[in-house]
Amino acid sequence: MEWAVYTSFLMLTISAVYCIQTQRRTRRHQFDDLWIINHVVDDRYGISSTAACAVICATSSSCRSFTYHEANRRCQLHSWANFFPAATATTIPYPGAAYFASLLDCSGANRIYSPIEDICIEVMTTTKSWHNADNTCKNLGGQLVVADTEGKFNFIKTTLQGSAVWSNTNYWIGLSDETVENGVFIWSDGTRAGYTNWMPGEGGSSTEFCVEMVRSHDYKWNDNPCWAPLRFICEYTPNIV
């Protein structure tokens, strides 16, 4: 019944994506029936459902996880999602409480999270070749950003345009046709490009294989030599543990 509440509520409100998106981003944690007592940022009574508690977490900038107790309708928000039962939880007096955790860390000065697109990006201000940029993102646990929908592209573009520091240059994204036939572009996650946003006449070079977002053309795309030193954007996605 409880999971049915999530499914129905998720269809009704996009604001709940951060905390209750099904299984991929947030899941019922192994600490069910344990009431988390550390890192509390909000503690409310009278909340109508677990889904409503999730929305409160979703709209709080400091919430990384929440606990909901059905019997007394208590919703408790936490600033940290990595808990150890022996040190931070108790079964008294709240048996029946369920703990849910967001598993994506998007903290950091150059990291921005979009709850609508469900991605965390990091704007890298050093310049590297496309391959070195790709390796840097992978070493950090991510990948060069996959702008494979109009929504993701607009989120990235708006993020860059909103910063005086970030908006003055071009950026590598995770797209290349270097390892396949010319004109067949593959994202850094291995998927073939469907959505594209090329500048007029671009995307067909036989000598330029890696793709940049071009500031002077509203961040539309251009294929460029992969050795060119450019800034780049990493993307991080949730991990389920």
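Strand 4 (residues 65–69) and strand 5 (residues 74–78) form a hairpin with four residues between them; in this turn, Arg-73 has a positive phi of about 55°. Helices (H or I, at least four residues) and strands (E, at least two) are DSSP runs, numbered from the N terminus. This is a predicted model, in which local features need pLDDT of at least 70 and side-chain atom pairs count only at pLDDT 80 or more, while totals for chains, interfaces and linings use all residues. Residues are numbered from 1 along each chain as its sequence is written, and side-chain values use heavy atoms, with hydrogens and water left out.

Thr-67 has Gln-76 of strand 5 as its bridge partner. Strand 5 is also joined by five bridges to strand 3 (residues 40–45), and these run antiparallel; here Asp-42 is the bridge partner of Leu-77.

Five of the five residues of strand 5 are buried, so the strand is largely enclosed by the rest of the structure. Buried means under 20% relative accessible area, exposed over 50%, and partly exposed in between (1.4 Å probe, protein chains only). Arg-74, Gln-76 and His-78 cover one side, and Cys-75 and Leu-77 the other; all are buried.

In helix 5 (residues 130–139), the buried residues are Trp-130, Ala-133, Asp-134, Thr-136 and Cys-137. They fall within an arc of 160° seen down the helix axis, so they line one face of the helix; the arc is that of the directions from the helix axis to the C-beta atoms. Just after helix 5, Gly-141 takes a positive phi of about 90°.

Technical notes. Pairing = 2+ DSSP bridges.
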